[in-house]
Amino acid sequence: MDDELLELQRQFEFAQQVKSSVRLSDRNVVELVQKLQELGVIDFDLLHTVTGKEYITQEQLRNEIIREISKLGRVSVIDLADTIGVDLYHVEKQAQDVVLSDPGLMLVQGEIISQNYWDSIAEEINERLQECSQIAVAELAGQLQVGSELVQSVLEPRLGTLVKARLEGGQLYTPAYVARVTAMVRGASRGIFVPSNLSALWAPLQQLVQEMNGASGVAVENSFFQSIFNRLLKEEEMLGSLRAGTHWTPSAFAIAQKECVDSSFSQNSYISYETMQKLGISQAVQFLQSRYPDGTPLAAVFIHSSMIEMLDSATEDAIEQNSWIDSLSVLPSSFTSQDANKMLLLCRSVQSALKADKALILGESYVLSSGFIKGIYDQIEKEAEAFSIQASTASLIDSSSKSSESTESVPANTDKGSRKKKGKSVSMKAASVETVPDDEEDTRPKSKRNQKKGRDSSSSQKLDSKAGGKKEPVKAQESNNIIPPDEWVMKKIVDSVPEFDDDGTENPDSILKHLADHMKPMLINSLKERRKKIFTENADRLRRLIDDLQKKLDESFLNMQLYEKALELFEDDQSTSVVLHRHLLRTTAATIADTLLHGLDIHNKLKNGIEVGESKTQDPVLLDSSERMALAKNLNGSLSKKAVALVEALEGKRVDTFMITFRDLAEESGLVLKKLDKKLERTLLHAYRKDLTSQVSTESDPVGLLAKVVSLLFIKIHNKALQAPGRAIASAISHLKDKLEESAYKTLTDYQTATVTLLALMSASSGEEHDCSSDRILTKREFLESQMPLLRTLVLGESQPQQS
């Protein structure tokens, strides 16, 4: 058998060595392989090598990859492609299949690594640890050219077996090294007796470990120290409490802390949160409530119930004595006003007093009895009423003066030169003629009104709307002006209770400020109620005032219009006209102007809630120029402007100017002035003539008789009611010359001449005693008395003068 085999081998070897006469080219081989694949003879995949001269099967490629991994333990896919000589694509594909089929392999960053490789690496690491005690995982990852996470994941299952070490914070430590650091942590922690942050403890330990390891030592992470500390705490090798992972409180400190709190609270019956903070207790309220369930937490302190009983006794005494107390004055300095307020609300005496309105808490800490407050308030209320009246008057004057600033531009037709006094250069004789008393010359009889009594009641409403509507925008401001300011109220409180001045008015928490703030609304309500009452009482007076003013002006203004018509007779005589105009302005015009201004002033005061006394007399109001101007400026808005124009017209030279300004003011006030028509004029003239006739018949003064006779003659001749002063009598008589008989005119002129002579003698003899002058005066008076019947006959006798 063996011989046959040997023979066959020789024949096969010979056949191989014999050169074939027919050779196949590479192309023929390729075509032959393709033909076999087409025929199905070759039914598996063939891969070309990178040289293109060889074929390799998938199975062979897989086997060669496994062989390389087994030989090297860690091989790159790129290196496999170069070694086997197959395209990288096919190598990567087969490599993935190999890794998936073998759990002991891993494909990492293009490298196939086996578990045997990691076992050998772990053994090398363990050997290094024995030399240097610690190695950083990052350092190993750098040396192995892989990620730190991969190294850590590979080492963790091998710790305690192949690698005798502890992995903490990216560091590998030997058991001996861990034991040494554990001893350091234990010693440092047991040396702490006050609450501390462990992060501050690890810093010096870290420095100490680095010095121990020398220049080659690796920095130890705080987490390593923390994990050792947590383990020691769990094993109860250290006593204390750990909060938030880093705040360590030794049990010795906690015991001393509780003893200190107990001592302070038992001695003082309170303890402040500031003290608790100093003792290191952050949640003071929870700590104290759990330790002292009967205590009461306040804003800044924690108190025992005995503190409330002490304060309750002090406040009860103050309330019973109708006094006041500052609760902070009987409490320790560490108590705040909020603490005092909360304690007061817990006091039984304060609770009952508040419920019965016997006391009041001001500013959180002040307790005042109601009787104490009422005593101060009653005194201040009276003074506040006086202040309100003064403030209302001052506010009214101030607002009126502001609103009348525009009155400087009064109508241009007012005679501005009337205020200038002309120098007197007349002779003594002429002066004596002008000294006829006005009361004798002003022979204005009151005519009976033949008019309807009914007046439209809307005049009062018009005046109200004129006065009220124009001051509406400043009503709120005027209302505020009658309210006393805070400084005034505090000053009055200090006047009543001088001890309140110790805190000063600038301190916002003083009892003075709080009491003033409490009383201010009470005073405001009181003043408003009083003002409302005054307004209610003044409402009826306002209606009566307007009605009375309307009645007075009706008759006076009609008479004024009647007298004004007589001035037309003297338009050609300028000097006499000026005298007559001024006389009428000073007498009748002044009276009705004073009546209107005085009425408007009272109406304005009543409208603004100012008390005005009732006038007990019906005498006409007599004002001087300054008083009229003051009243005019006290009015509001356009009323003030028109009133000032009226006062200036009254001091002018023209009656017609006065009449215009008077009508303007009356219209602005809502008053209705009647116009003098023919019927009223006849009625007034008839009454005036009848009254003058009666006066002439009964007049006993020879001087006073002349003016009445001349006025009666003007009614009979010119049908005009003349108002003439003594200086204008001569000119008035001259206007009657053409209307009287020569004898009557002579009698009248002789009587007037004798009257002037008598007045001149009386003026020259005043203050001197001369028998000669007295005789002459007596003689002249006897002459006038003898002529009085003749003068009466002139106007009342049967011989009537010619009618114009």
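This is a predicted model: local features need pLDDT of at least 70, side-chain atom pairs count only at pLDDT 80 or more; totals for chains, interfaces and linings use all residues.

First I wrote down what a salt bridge is: a side-chain nitrogen of Lys or Arg within 4 Å of a carboxyl oxygen of Asp or Glu. I searched the whole structure with that and got 12 salt bridges. The general idea is that side chains of opposite charge can pair when their charged atoms come close.

Residues are numbered from 1 along each chain as its sequence is written, and side-chain values use heavy atoms, with hydrogens and water left out.

**Salt bridges**

I looked at E139 and R128, which form a salt bridge with their closest N and O atoms 3.3 Å apart. E139 sits in helix α7 (residues 137-144) and R128 in helix α6, so this pair ties together parts that are 11 residues apart in sequence. My helices are DSSP runs (H or I, at least four residues), numbered from the N terminus.

For cover, I use buried for under 20% relative accessible area, exposed for over 50%, and partly exposed in between (1.4 Å probe, protein chains only). E139 is partly exposed because its relative accessibility is 35%, and R128 is partly exposed at 27%.

Next I checked K491 and D495, whose side chains meet in a salt bridge at 3.6 Å, N to O. Both lie in helix α23 (residues 486-496), 4 residues apart, which is about one turn of the helix. D495 comes out as partly exposed at 46%.

Then I found R654 and D656 in a salt bridge, 3.4 Å from N to O. R654 is partly exposed at 30%, and so is D656 at 31%.

**A negative patch**

Which residues form a negative surface patch? I got E123, E124, E127 and E131. A patch here takes residues with over 30% relative accessible area and no salt bridge, and joins like charges within 9 Å; Asp and Glu count as negative, and the place of a Glu charge is CD. E131 is in helix α6 (residues 115-132), and it counts as exposed because its relative accessibility is 70%.

**Helix α27**

Last, I looked up α27 (residues 637-650), which has 14 residues and reaches 20 Å from its first C-alpha to its last, close to the 20 Å expected at 1.5 Å a residue. That expected span is 1.5 Å times one less than the number of residues. I noted that α27 is mostly covered, with 10 of its 14 residues buried. Among them are L639, A643, V647 and E648.

Definitions and conventions
Helices (H or I, at least four residues) and strands (E, at least two) are DSSP runs, numbered from the N terminus. Patches are made of residues with over 30% relative accessible area and no salt bridge: like charges are joined within 9 Å, nonpolar side chains (Val, Leu, Ile, Met, Phe, Trp, Tyr) within 5 Å. Accessible areas come from the Shrake-Rupley method with a 1.4 Å probe; for residues, only the protein chains shown count as cover.
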